[in-house]
Amino acid sequence: MSSDLHPSIVALVSLAANIAANHPKQGLCQVDRLRQYGISKAHIDAVIEIARHLRDEAAQSLDASFDEAYTADAQPKRPDPFATIQVETGGACCTPTASGQACC
């Protein structure tokens with residue numbers, strides 16, 4: 001009895017891992033392989049949806065953990081040296097966040 005996984009299962013797992021890990025190649029090679037193996041678009045879509053959900057859920061959890069640690073000690077121990085610096089916003093390389101905050 002062989003314990004080797006079918007190549008389509010390996011490609012599905014690899015696709016999910018690439019998406020969940022925000023890999024720069026995004027699992028597009030695996031998508032091509034899955035299509036060659038005859039895996040339905042619905043099955044590929046389900047794997048993509050699950051992987052993105054897990055990735056987003058992990059990011060939200062990390063953000064919440066960061067926010068909790070950040071706000072736990074909200075009072076600065078010394079004056080903020082950056083409090084009086086003028087911040088320029090806008091420009092070609094900058095788009096604001098959803099709340100209108102400049103990123104550059």
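The chat below goes through a helix, the core, the salt bridges and the surface.

Q: Before we start, what kind of model is this, and how are residues numbered?
A: This is a predicted model, where local features need pLDDT of at least 70 and side-chain atom pairs count only at pLDDT 80 or more, while totals for chains, interfaces and linings use all residues. Residues are numbered from 1 along each chain as its sequence is written, and side-chain values use heavy atoms, with hydrogens and water left out.

Q: Great. How many residues does helix α3 have, and how far does it reach?
A: Helix α3 covers residues 41-72, which is 32 residues, and it reaches 46 Å from its first C-alpha to its last. That is close to the 46 Å expected at 1.5 Å a residue; the expected span is 1.5 Å times one less than the number of residues. Helices here are DSSP runs (H or I, at least four residues), numbered from the N terminus.

Q: Which residues of α3 are buried?
A: I44, V47, I48 and A51 are buried. Buried means under 20% relative accessible area, exposed over 50%, and partly exposed in between (1.4 Å probe, protein chains only).

Q: And what covers them?
A: The cover includes α1 (7-20) and α2 (28-36).

Q: Which residues make up the largest nonpolar core?
A: There are nine: A11, L15, I19, V31, L34, I44, V47, I48 and A51. A nonpolar core is a set of buried Ala, Val, Leu, Ile, Met, Phe, Trp, Tyr and Cys residues joined through side-chain atoms within 4.5 Å. α1, α2 and α3 each supply at least two of the core residues, and α3 gives the largest share, four residues.

Q: New topic: how many salt bridges are there?
A: The count comes to two, taking a salt bridge as a side-chain nitrogen of Lys or Arg within 4 Å of a carboxyl oxygen of Asp or Glu. In one, the side chains of K41 and D45 meet at 2.9 Å, N to O. In the other, D56 and R55 meet at 3.1 Å, N to O.

Q: Where do K41 and D45 sit relative to each other?
A: They are four residues apart in helix α3, so about one helical turn separates them. K41 is exposed at 61% relative accessibility, whereas D45 is partly exposed at 34%.

Q: Last one: is L5 buried or exposed?
A: L5 is exposed, with a relative accessible area of 54%, and lies in the segment before α1.

Notes: Contact means heavy atoms within 4.5 Å.
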